[in-house]
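Hi everyone, thanks for coming. I'd like to walk you through one model today, so please have it open on your screens.

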Amino acid sequence: MQRLHFALQLAVLVALGFAQVSTEEVNIVHYQPEQVHLAFGETVLDIVVTWNTRDNTNESICEFGIDGLQQRAKAAQMPTKFVDGGAKKATQYIHRVTLSHLKPNTTYLYHCGSELGWSATYWFRTRFDHGDWSPSLAIYGDMGVVNAASLPALQRETQRGLYDAIIHVGDFAYDMDSQNGEVGDEFMRQVETIAAYVPYMVCVGNHEEKYNFSNYRARFNMPGNTDSLWYSFNLGPVHFVSFSTEVYYFLSYGFKLLTKQFEWLERDLAEANLPENRAKRPWIITYGHRPMYCSDDKEYDCNADLETYIRQGLPMLKWFGLEDLFFKHGVDVEIFAHEHFYTRLWPIYNFKVYNGSAEAPYTNPKAPIQIITGSAGCSEEREPFSHALPAWNAFHSNDYGYTRLKAHNGTHLHFEQVSDDQDGAIVDSFWVIKDKHGSYPPPSQ
């Protein structure tokens with residue numbers, strides 16, 4: 001009633017000329033940090049903090065410390081201006097600060113921003129830069145803003161300290177560029193409750209393609225200087241290798257990206273296989289978005305003539321195939337997404353199963369093990385499996401969910417598949433055991 005009375009008084013004053021209502025547009029500035037997320041830098045004791053502001057603050061600062069915010073790190077470069085490719089040409093500024101040479105196994109508090117505005121205070125825990133510890137990770141792909149089924153459980157478990165890192169295997173937001181980039185902004189706000197607390201390691205998917213992957217390249221900052229398209233990092237006894245499957249499909253952006261990635265993969269895997277390096281990090285795990293094998297009926301994904309670029313190489317020429325490369329260098333596990341379900345494959349090479357033994361297929365397997373984990377939830381919902389499943393399909397589920405990995409040591413990995421449909425029930429669980437790592441024996445003909 002008081003509001004109505006005030007409104008009537010104002011209307012009378014305006015009518016009599018004693019008051020004016022401004023029609024000028026208010027110039028609102030946005031200096032507050034948002035979309036805060038972490039990544040590993042060149043080592044696990046270097047943490048890269050990334051955030052966005054709508055307007056340019058001309059500086060990027062992180063204040064951090066163990067018992068308080070006593071230390072300060074400032075970016076040497078100015079914030080990066082990012083202009084979305086949509087009709088609105090929406091602009092924001094992306095800030096990056098690296099916290100270097102941190103103490104191992106230590107919890108740090110931090111906030112980020114500038115003298116014009118600061119974020120909330122977050123925390124993260126460093127681990128060790130050697131291989132003698134047991135990291136735990138959550139791994140998934142294909143999570144959007146709408147129907148992000150796994151997000152609540154991942155938020156809760158991250159806050160409880162269950163994970164040392166997250167790996168998102170491509171396809172974010174659905175899509176980051178949608179609505180002039182606003183969908184991407186909303187996605188980054190939603191995952192802030194995960195990514196501001198543990199390194200959020202990513203690879204690119206087909207849904208990031210718009211404007212030459214510009215939203216993905218701008219928003220994420222992975223190790224190396226490759227626009228986060230391919231990189232590697234070490235965590236405990238594992239050497240992780242991230243790569244882009246999309247360089248095989250969007251050749252309109254340049255053939256050179258494909259050749260550069262393949263040459264880099266050859267060098268990185270060769271270095272990881274040096275005796276002194278394989279002794280420190282016995283496990284090699286790769287992750288890329290589109291799988292080499294899948295078991296659904298989508299013709300454009302699983303037709304044997306179409307979905308072989310990554311596995312065999314480009315059509316006709318058979319150049320730059322990854323299955324031979326990964327087999328040659330003794331990759332232990334290959335993780336993919338793209339299909340909106342979970343599949344565990346038997347150890348496989350060239351469509352043939354190479355189990356360690358009939359009784360213990362994942363003990364000393366004779367080929368890499370592949371996992372598809374693309375069921376974290378998105379607007380495209382689930383995908384059905386083929387009526388006739390292939391022989392290499394060991395287990396499958398199209399429950400919404402995500403994968404957990406614990407690298408216990410140099411000989412034992414443990415995987416679990418968590419079902420969101422079944423309130424966190426474990427629907428698949430298996431060990432990978434290896435007494436020796438390296439090249440596989442020549443495949444049988």
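**Pockets, rings and core**

Let me start with strand E6 (residues 91–99), which gives the most to the lining of the second largest pocket, with three residues. Before I go on, a word on the source: this is a predicted model, where local features need pLDDT of at least 70, side-chain atom pairs count only at pLDDT 80 or more, and totals for chains, interfaces and linings use all residues. Residues are numbered from 1 along each chain as its sequence is written, and side-chain values use heavy atoms, with hydrogens and water left out.

Helices (H or I, at least four residues) and strands (E, at least two) are DSSP runs, numbered from the N terminus. As for pockets, we work on a 1 Å grid over the protein atoms alone, and a pocket is an open set of points where a 1.4 Å probe fits, with protein on both sides within 12 Å along at least five of seven lines; lining residues have an atom within 4 Å of a point. A volume is the space filled by probe spheres set on the points, which are joined across faces, edges and corners.

Back to that second largest pocket: its volume is about 260 Å³. Its lining has 18 residues, with Gly41, Val48, Arg96, Val97 and Thr98 nearest the centre.

On to the rings. The structure holds 30 aromatic pairs. Rings of Phe, Tyr and Trp (its six-membered ring) pair if their centres lie within 6.5 Å; planes under 30 degrees apart are stacked, over 60 edge-to-face, and the rest tilted. Tyr108 and Phe124 are stacked, because their ring centres are 5.6 Å apart and their planes are at 20°. Tyr108 belongs to strand E7 (residues 107–114) and Phe124 to strand E9 (residues 122–125), so the pair links parts of the chain 16 residues apart. Tyr108 is buried at 3% relative accessibility, and Phe124 is buried at 2%; buried means under 20% relative accessible area, exposed over 50%, partly exposed in between (1.4 Å probe, protein chains only). Both rings belong to a cluster linked by ring pairs, along with Phe64, Tyr110, Tyr122, Trp123 and Tyr197.

Next, the core. A nonpolar core is a set of buried Ala, Val, Leu, Ile, Met, Phe, Trp, Tyr and Cys residues joined through side-chain atoms within 4.5 Å. The largest one has 112 residues, and those touching the most other members include Val49, Tyr110 and Leu322. Another core, of five residues, lies apart from it, with Phe327 and Tyr440 among them.

Last, some backbone points. Most residues other than glycine have a negative phi, and most peptide bonds are trans. Phe213, in helix H4 (residues 210–219), has a positive phi, near 60°. The peptide bond from Tyr174 to Asp175 is cis, with omega near 0°.
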